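Please open the model in a viewer and keep the selection tool at hand.

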Amino acid sequence: NASDARVARDKVLQRMATLGVWTQDQVRDARIEPVVARSLRPPLSAALLARRLHQRHPQERRIQTTIDMQLQRSVEERVQGYMARLPERTSAAVLIVDNADLSVRAYLGSAEFADEARLGHVDMVQAWRSPGSTLKPFLYGLALDDGLIHSESLLVDAPQSFGDYRPGNFDQAFNGPVGAAEALRLSLNVPADLLERVGAARFSARLANTGLQLRLARGVKPNLSIILGGTGVRMEDLAGAYAALSRKGVGGVVRFSEQDALIERRVLSPGAAWIIREILEANPRPGYRPDTFDTGSHPKVAWKTGTSYGFRDAWA
């Protein structure tokens, strides 16, 4: 309450003049200073992770995490700047994991923790969301390990029916014969045919064994739609599985503190993981045009997109 604070301040100043602590000129100058009400904002870096770890260790007075504070603040600032251009009720989450030891270096569960309009209290790192096409690299890798394809095998991108299921591409078009690497980079929906050969139940069980649990509706068994986003995954599980592409096929459970055990699981063979990473590295980097920028000086990035039905989720 700024007005009450000013009255109290002036009362103290007058007493200082009466007692001779300050001169009347000093008191007069001090009275000119405005009294401004400032709302003190507590530090909220990695707020959702802090809440999560406090719930896990309620008796601990101090919890040491693997977070890199400088990287964390940089991510928060960049995401807030990015979100300013998007509609009010959208949000974003970012998880950065060190592939060396699966430690989490930055954790942003929502665009801004205190933003009610964006439901900032919802931790999307733990939320079950449709993965879109982000599971496709694992299917291609498993097909490589099974000897069903190699990186340049010719696949057919054409309308297909699997009983009552008729998958289509994101752009509603078909490309005809296409190489496996190009099909993965373009995220074409030919993997429905590939998954039928691998087996949906086996594919789901293989991912679950590596820590990437797929969530299906009650009573629903794994089916061909899971490779096109017809299931639910958690971001932290997906990040732990993707780490396998940089760890010779071995992924695992992401770690939030040094006390967390390093739990590793094989996802793909070293050869299949290397081939999939090479395919994804050949995907042009977003925001860079080869004819405009010298992209040779930038580190390579292996990346894959995923978009869920109705554009509800967009992954990278």
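**First stop: aromatic pairs**

Select Y107, which counts as buried at 1% relative accessibility; buried means under 20% relative accessible area, exposed over 50%, and partly exposed in between (1.4 Å probe, protein chains only). This is a predicted model, in which local features need pLDDT of at least 70 and side-chain atom pairs count only at pLDDT 80 or more, while totals for chains, interfaces and linings use all residues. Residues are numbered from 1 along each chain as its sequence is written, and side-chain values use heavy atoms, with hydrogens and water left out.

The structure holds 2 aromatic pairs; rings of Phe, Tyr and Trp (its six-membered ring) pair if their centres lie within 6.5 Å, and planes under 30 degrees apart count as stacked, over 60 as edge-to-face and the rest as tilted. Y107 lies in strand β2 and F256 in the loop between β7 (250–252) and β8 (264–266), so the pair links parts of the chain 149 residues apart. Helices (H or I, at least four residues) and strands (E, at least two) are DSSP runs, numbered from the N terminus. F256 is buried as well, with a relative accessible area of 3%.

Next, select F138 and Y242, an edge-to-face pair at 5.2 Å centre to centre and 80° between the planes. F138 belongs to helix α5 and Y242 to helix α9 (residues 235–242), 104 residues apart. Which of these two is buried, and which is partly exposed? F138 counts as buried at 1% relative accessibility, whereas Y242 is partly exposed at 23%.

Now select helix α7 (residues 191–198), in which P191, A192, L194, L195 and V198 are buried. These residues cover an arc of only 160° around the axis, which puts them on the same side of α7; the arc is that of the directions from the helix axis to the C-beta atoms. The buried residues of α7 pack against α5 and α8. Just after α7, G199 takes a positive phi of about 105°.

Select L119, in the loop between β2 (103–108) and β3 (128–129). Its phi is near 50°, a positive value in a residue other than glycine, and L119 is partly exposed, with a relative accessible area of 40%.

Finish at F311, in the loop between β9 (306–307) and β10 (314–315). F311 has a phi near 60°, again positive in a residue other than glycine, and is exposed, with a relative accessible area of 64%.

Definitions and conventions: Contact = heavy atoms within 4.5 Å.
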